[in-house]
Amino acid sequence: ELRTELDRAHQDADRVRGNLAEQQKAKAAAAAQLDQVRAELVKAQGKAEAADQAHQEQRRQAAADAQRQAEQLTATQAERDQARQEASKAREDAARLAGQLQAHQEQTAAILARLAALAEAKPATTTTRKKADKGTPAE
């Protein structure tokens with residue numbers, strides 16, 4: 001019986017060694033899988049960090065672009081307001097000059113009318129004097 005017990009003990013030991021070997025293989029496989037998952041996690045974290053940095057850079061760039069466009073809009077609005085003021089002044093000046101031109105034209109027309117009236121009256125008087133005086137100065 002001792003022999004049978006010894007054989008059973010050897011069989012149990014072999015079985016336990018087999019189980020231990022299987023568990024060690026499973027542990028090694030789990031450790032390898034854990035290492036792979038850790039490597040993937042590090043890689044994913046690196047990608048996430050790079051994406052976050054890129055996103056932050058894009059946000060900074062967008063903010064800078066928005067600021068630049070706001071400044072450009074403000075400058076454009078200031079130029080527009082200045083142009084409107086200049087156009088308004090030009091319209092006022094044009095209206096003033098048009099008024100002055102009309103007044104000058106009316107004055108010129110009045111002067112020409114007086115001169116025309118004098119010219120019509122003078123030739124008759126001058127012609128008569130010239131014939132009457134012939135060489136003597138007119139008084």
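Reply: Here is how the labels on this model come about. It is a predicted model, so local features need pLDDT of at least 70 and side-chain atom pairs count only at pLDDT 80 or more, while totals for chains, interfaces and linings use all residues. Residues are numbered from 1 along each chain as its sequence is written, and side-chain values use heavy atoms, with hydrogens and water left out.

Me: How much of the protein counts as buried?

Reply: 0% of the 139 residues. Buried means under 20% relative accessible area, exposed over 50%, and partly exposed in between (1.4 Å probe, protein chains only). The accessible surface comes to about 12600 Å², with 56% of it belonging to carbon and sulfur atoms. Those areas come from the Shrake-Rupley method with a 1.4 Å probe; for residues, only the protein chains shown count as cover.

Me: Why is the contact of Asp12 and Arg15 called a salt bridge?

Reply: The label needs a side-chain nitrogen of Lys or Arg within 4 Å of a carboxyl oxygen of Asp or Glu. For Asp12 and Arg15 the N to O distance is 2.1 Å, so the pair qualifies. The two are three residues apart in helix H1, so about one helical turn separates them.

Me: Why is Arg15 called exposed, and what is Asp12 called?

Reply: Arg15 has 51% relative accessibility, so it counts as exposed. Asp12 has 35%, so the label there is partly exposed.

Me: How do you know that Asp14 and Arg17 form a salt bridge?

Reply: Their closest N and O atoms are 3.1 Å apart, so they pass the distance test. Both lie in helix H1, three residues apart, about one turn of the helix. Arg17 is exposed at 55% relative accessible area, whereas Asp14 is partly exposed at 47%.

Me: What about Arg68 and Asp65?

Reply: Their side chains meet in a salt bridge at 2.9 Å, N to O. Arg68 is partly exposed at 47%, and Asp65 is partly exposed at 24%. These two are also three residues apart in helix H1, about one helical turn. Elsewhere, salt bridges that share partners join Lys89, Asp93 and Arg96 into one network. The whole structure has seven salt bridges.

Me: What makes Ile111, Leu112, Leu115 and Leu118 a patch?

Reply: Patches are made of residues with over 30% relative accessible area and no salt bridge; like charges are joined within 9 Å, nonpolar side chains (Val, Leu, Ile, Met, Phe, Trp, Tyr) within 5 Å. Ile111 has 46%, which makes it partly exposed, so it clears the area cut-off. Together the four have about 400 Å² of accessible area.

Methods
Helix = DSSP H or I, 4+ residues; strand = E, 2+ residues; numbered from the N terminus.
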